[in-house]
Structure formats: C-alpha cells, structure tokens
Amino acid sequence: MITAVYPGSFDPVTYGHLDIIQRSVEIFDKVIIGVLNNQTKTPLFDFEERVEMLQTVTQDFPNVEVVTFQGLLIDFTKKMHANVIVRGIRAVSDFEYELMMAQTNKQLCPEVETMLFATSAEYSFLSSSTVRELAYFQGDITPFVPDYVKEKIYSKMKEKRK
Ligand code: ADP
C-alpha cells in the first residue's frame with residue numbers, strides 16, 4: 001500500500017493544488033493532505049478554515065484525508081506511515097527549493113521518496129498569494145478556485161477591508 005503526503009499551506013486551496021491532488025489519487029492508495037500550521041506565519045485563513053475548505057473540495061475522493069501538522073514534514077510523514085511526499089513544481093524557480101528539501105528529507109529518512117509533479121500548464125502561474133491579492137482588490141478569482149472557496153475568500157476580504 002502506498003500512502004502519499006501532500007503538504008502545504010493551502011492558504012487557500014486553488015485549482016493548481018486540486019490538479020495535483022486529482023492526479024495523486026489516481027496513483028497512490030491513499031493521499032494525506034498535510035496542512036501546515038506554522039505558528040510563525042500569519043495566514044489569511046487559520047488552519048481550521050483551511051482544513052474545512054480542503055475537506056469540502058476533496059469530498060468526492062474516497063482516498064483523501066486532510067490532517068494538520070506542525071514541525072518537521074519528515075516527522076509528520078513517518079507518523080502517518082506514508083512512503084511518499086508529493087510536491088508540485090510550477091517553474092524553475094520552485095525547483096531549487098524543492099530539490100533541496102527532497103534531498104534533505106532523503107538524508108533524514110531514506111525510506112521516504114519525494115515525487116515532484118510538474119504542474120499542468122494552465123496552472124503554472126497560479127499561487128495562493130496571487131489569489132489572495134486579486135481577491136483583496138476585488139478581482140475575479142473564478143478561474144482559480146472552486147466557488148465554495150471563492151465565497152470564503154471574498155467574505156474574509158470584506159472583513160479585512162472594514
Ligand atoms: P507551500 O507554502 O508549502 O509552498 P503551498 O500551499 O503554496 O505551500 O503549496 C503546496 C504545494 O502545492 C507545493 O508543492 C506547491 O509547489 C504546489 N503548488 C502550489 N500551487 C500550484 C500550482 N498552481 N500548480 C501545481 N502545484 C502547485
């Protein structure tokens with residue numbers, strides 16, 4: 001049985017993330033989405049909100065679970081009894097960091113493989129930060145996030161602008 005962990009901030013989840021999730025569920029027996037609860041960063045959505053949005057938009061996948069974690073990714077991966085870490089690569093700029101992380105994690109735990117998924121071309125420019133910025137200035141984010149997430153971002157931004 002191959003279990004993969006797909007870690008990230010998901011602040012918020014976008015169609016780029018969903019593309020990677022959709023492709024991962026076809027390959028692995030189980031996909032655990034690891035939502036990083038980083039105490040040193042102030043996200044737009046707290047981790048409960050990010051988990052709830054991810055659970056909603058992945059509810060049709062029977063082999064997906066959404067779990068939060070703190071601390072080292074490799075410790076979380078071992079705790080989940082996963083054998084693979086999935087990450088997405090959008091551009092060469094992502095590659096250097098991802099390679100470094102993959103090699104560090106391999107050193108820390110040789111049994112865990114990192115698999116880097118090349119983003120689908122239509123999402124190669126898409127990031128959560130772009131979506132947040134667009135939404136803040138009331139731009140149209142319809143092409144980038146599911147409607148459920150879109151409504152959550154717009155209402156969050158409305159609060160922020162008050
Ligand atoms: P992090 O803060 O760990 O980079 P993100 O939530 O931004 O977390 O991203 C989680 C993972 O999803 C990363 O591997 C990232 O490269 C990937 N990712 C983000 N946006 C896209 C996208 N548009 N297409 C493919 N992969 C993406």
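Analyst: Strands (E, at least two residues) and helices (H or I, at least four) are DSSP runs, numbered from the N terminus. The model is predicted: local features need pLDDT of at least 70 and side-chain atom pairs pLDDT 80 or more, while totals for chains, interfaces and linings use all residues. Residues are numbered from 1 along each chain as its sequence is written, and side-chain values use heavy atoms, without hydrogens and water.

User: Over how many bridges do β2 and β3 pair?
Analyst: Let's start with β2, residues 30-36. Its valine 35 stands opposite threonine 68 in β3. The two strands pair in the parallel sense, and the bridges number 6.

User: Which strands are the edge strands of the sheet?
Analyst: The open sheet has 5 strands with parallel pairing, in the order β3-β2-β1-β4-β5. An edge strand pairs on one side only, which picks out β3 (64-69) and β5 (113-118).

User: At what angle does helix α1 run to β5?
Analyst: Angles run from 0 to 180 degrees between N-to-C directions of axes fitted to C-alpha atoms, for helices over the stretch in contact (heavy atoms within 4.5 Å). Helix α1 (residues 15-27) lies across β1, β2, β3, β4 and β5, and its angle to β5 is about 125°.

User: How are the rings of phenylalanine 69 and phenylalanine 76 arranged?
Analyst: Rings of Phe, Tyr and Trp (its six-membered ring) pair if their centres lie within 6.5 Å; planes under 30 degrees apart count as stacked, over 60 as edge-to-face and the rest as tilted. Here the centres are 4.5 Å apart and the planes at 15°, so the pair is stacked.

Note on methods. Pairing = 2+ DSSP bridges.
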